[in-house]
Amino acid sequence: MNQPATETMRDAQGAAVPLRHDWSRDEIEALFALPLNDLLFRAQSVHRSVFDPNRVQLSTLLSIKTGGCPEDCAYCPQSARYKTGVEAERLLAVDAVLEAAARAKAGGATRFCMGAAWRSPRDRDLETVCEMIEGVKGLGLETCVTLGMLSDAQTKRLADAGLDYYNHNIDTSEEYYGEIITTREYQDRLDTLERVREAGIHVCCGGIVGMGESRGDRAGMLQTLANLPRHPESVPINLLVQVEGTPLHGQDVLDPIEFVRSIAVARILMPVSFVRLSAGREHMSDEAQALCFHAGANSIFCGPRLLTTPNPARDRDAALFERLGIEAGGA
Ligand code: SAM
Ligand code: DTB
Ligand code: SF4
């Protein structure tokens, strides 16, 4: 899918918003280095030229297959290699998933995201996941799944089931990647993303910050995302959730202002994407989250659990939205 290096998209007022795919590392690092007020002003200006600045989209996550994963992702409590207390479970039954999806919808979510601790799905399991996708769509929710690497045939099967979004994160910069995962290559991830794009499924792709990477690595991760042939429709920015037993437990916690900068830069580079303030909200102050929304984050995970770790309860988020005058909903 070749696209010109510079395309434009019309904003609500009909003005052209440039979508660039040729960002240099220096340009991105220069954005990171701006005085915070200048960076936030640029991000908020881009944000409100495309989106209603007071609306935030809600997705809910469910782990449909927990733990026992053969991969060695250093952040992940579900890797079988680390003693984290997460027990390996079987793939959930379709009925149980549909009950959770109905609860998510009642809680205000518009998208239901199902995650599996697999390197890649087995074809038999994929059939069950397709039943889940069809059932969740039947409830009137958008669907997203994250199942690891996909073959061409598996990607096509998911597209045929009507899947709306596939989540597959690049996690960090290409340079830092080898410090975090050794059991699959950066290029494997890019290949899966290209398959998903070619199959006509919306792409959800972002990464994690706070893993001991440098600012240059954060810039590099966002550069890879922004310079994809098309920007991912959803860009989850996760703050590392430190889980005891994983190699990354005990990392220095990232300065919240640096997290806000990462969100702002993502917003400037990818003006029409939903930027999701993803994992890490449980221990984030309301004020830091408010700055993230000001920086252009316009999506969160709602509900008390991410995949295996806690997330703010619905009433805490409702109180936060009330304080900030934010409404839940799509663009
Ligand atoms: N196993 C599949 C895969 O890795 O592609 C799908 C599920 S995996 C848990 C989905 C994503 O969750 C990872 O790519 C990573 O970005 C994020 N994630 C996992 N553990 C995390 C943690 N402790 N903190 C923040 N994000 C995390
Ligand atoms: C994403 O970028 N973040 C979500 C979702 N995509 C699958 C996962 C966060 C997981 C946090 C750790 C856990 O709860 O296990
Ligand atoms: Fe497995 Fe995904 Fe966790 Fe990596 S992030 S260990 S692939 S569940």
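Before the ligand entry, a term I need: a cavity is a set of grid points where a 1.4 Å probe fits but cannot get out, worked out over the protein atoms alone. A molecule sits in one if more than half of its atoms lie within 2 Å of its grid points. Also for the record, this is a predicted model.

**Entry 1, ligand 3.** I checked where ligand 3 ended up, and it sits in the largest cavity. Around ligand 3 I listed Cys69, Glu71, Cys73, Tyr75, Cys76, Ser79, Ala117, Trp118 and Arg184. Sorted by type, that shell has six nonpolar residues, one polar and two charged.

Which residues touch the most other members of the largest nonpolar core? I got Tyr75, Phe112, Leu147, Leu158, Leu222 and Phe259, out of 86 residues in that core. Helix H9, residues 256-269, gives the most to this core, with eight residues. There is also a second, separate core of seven residues, with Leu61, Cys144, Phe301 and Leu306 among them. As background, nonpolar side chains tend to be buried together in soluble globular proteins.

I followed up on Phe112. Skipping residues up to four places away in sequence, Phe112 touches Thr60, Leu62, Val97, Ala100, Ala101, Ala104, Val136, Leu141, Glu142, Thr143 and Cys144. Cys144, from that list, belongs to the second core.

I found Ser273 in the loop between H9 and strand S10 (274-277). Is Ser273 buried or exposed? Its relative accessible area is 1%, so I put it down as buried. Leaving out neighbours within four places in sequence, Ser273 is in contact with Phe51, His231, Pro232, Glu233, Val235, Arg267 and Asn298.

Most residues other than glycine have a negative phi, hence the note. Asp171 lies in the loop between strand S6 (165-167) and helix H6 (174-180). At 3% relative accessibility, Asp171 counts as buried, because the cut-off is under 20%.

Last stop was strand S12 (residues 327-328), where Ala328 is placed. With a relative accessible area of 39%, Ala328 is partly exposed. Apart from residues up to four places away in sequence, Ala328 touches Arg55, Val56, Leu58 and Phe321.

Note on methods: Residues numbered from 1 in each chain as written. Chains lettered and ligands numbered in written order. Predicted model: local features only at pLDDT ≥ 70, side-chain atom pairs only at ≥ 80, totals over all residues. Heavy atoms only, no water. Core = buried A, V, L, I, M, F, W, Y, C linked by side-chain atoms within 4.5 Å. Buried < 20%, exposed > 50% of the residue type's maximum accessible area, 1.4 Å probe, protein only. Helix = DSSP H or I, 4+ residues; strand = E, 2+ residues; numbered from the N terminus. Contact = heavy atoms within 4.5 Å. Near = heavy atom within 4 Å. 1 Å grid on protein atoms, 1.4 Å probe; cavity = no way out; pocket = protein on both sides within 12 Å on 5 of 7 lines; lining within 4 Å. Nonpolar A, V, L, I, M, F, W, Y, C, P; charged D, E, K, R; others polar.
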